[in-house]
Amino acid sequence: MISWDRTLYEIPDQRSTGEARDCVVRALGLAANLSYTRSWDMLRRYGRKTRRGTTWATWLRLIDAEYPTAKRTWYAKSITVADFVKQCPTGSHVVFTRGHALAVLNGTVHNWKPAHWDDLETRLVNPPRASA
């Protein structure tokens, strides 16, 4: 059985008032145990524009600079969120699906996007997943 955490992560220092497309900010914050503000500031420093989401280039610059020992995995074929959780039941992970990012912490999927709360068949995209 896969565990889900559907908390919307409305934390006191969150800048998301007026923010949009901040799923990578939230996923990074959860996986790296950072506040929303710290996560937001880090991504902004590497090129994220407010309300525009996070590009692959921005994500990779941040990972290269801030987490150089993070394991990155590219899959030969697309796998589902459920498959990923079964393969990686421990650790902190940021995973990407088409147009969305979420965190998987010790086998629990942390996802705040209501349209995909129960969609275990959503496929991960290549490139990368970073694990702390």
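At what angle do helix α2 and helix α3 pack, and how far apart are their axes? In this predicted model, helix α2 (residues 36-45) meets helix α3 (residues 56-66) at an angle of about 105°, and their axes lie 9 Å apart. Because angles of 65 to 115 degrees count as roughly perpendicular, α2 is roughly perpendicular to α3. On the side of α2, the contact is formed by Met 42, Leu 43 and Arg 45, while α3 contributes Thr 58, Trp 59, Leu 62 and Glu 66. Of the residues in this contact, four are nonpolar, one is polar and two are charged.

The two helices belong to a chain with four helices and six strands, arranged along the sequence in the pattern β-α-α-α-β-α-β-β-β-β. Of the 132 residues in the chain, 46% are buried. Among contacts with a separation of 6 or more, 59% join residues 24 or more positions apart. The chain exposes about 7100 Å², with carbon and sulfur atoms supplying 53% of that area.

The largest nonpolar core comprises 21 residues, and Val 24, Leu 43, Trp 59 and Leu 62 have the most contacts inside it. Two or more residues of this core come from each of α1 (23-32), α2, α3, β3 (92-97) and β4 (100-105); α1 provides the largest share, six residues. Beyond its neighbours within four places in sequence, Val 24 is in contact with Ser 39, Leu 43, Thr 54, Trp 59, Phe 96 and Ala 101. Another core, of nine residues, lies apart from the largest one and includes Val 85, Val 95, Val 104 and Val 109.

Conventions:
Residues are numbered from 1 along each chain as its sequence is written. This is a predicted model: local features need pLDDT of at least 70, side-chain atom pairs count only at pLDDT 80 or more; totals for chains, interfaces and linings use all residues. Side-chain values use heavy atoms; hydrogens and water are left out. Buried means under 20% relative accessible area, exposed over 50%, partly exposed in between (1.4 Å probe, protein chains only). Contact means heavy atoms within 4.5 Å. Accessible areas come from the Shrake-Rupley method with a 1.4 Å probe; for residues, only the protein chains shown count as cover. Axes are lines fitted to C-alpha atoms, for helices over the stretch in contact, and angles run from 0 to 180 degrees between N-to-C directions. Angles under 35 degrees count as roughly parallel, over 145 as roughly antiparallel, 65 to 115 as roughly perpendicular and the rest as oblique. Ala, Val, Leu, Ile, Met, Phe, Trp, Tyr, Cys and Pro count as nonpolar, Asp, Glu, Lys and Arg as charged, and the others, Gly among them, as polar. A nonpolar core is a set of buried Ala, Val, Leu, Ile, Met, Phe, Trp, Tyr and Cys residues joined through side-chain atoms within 4.5 Å.
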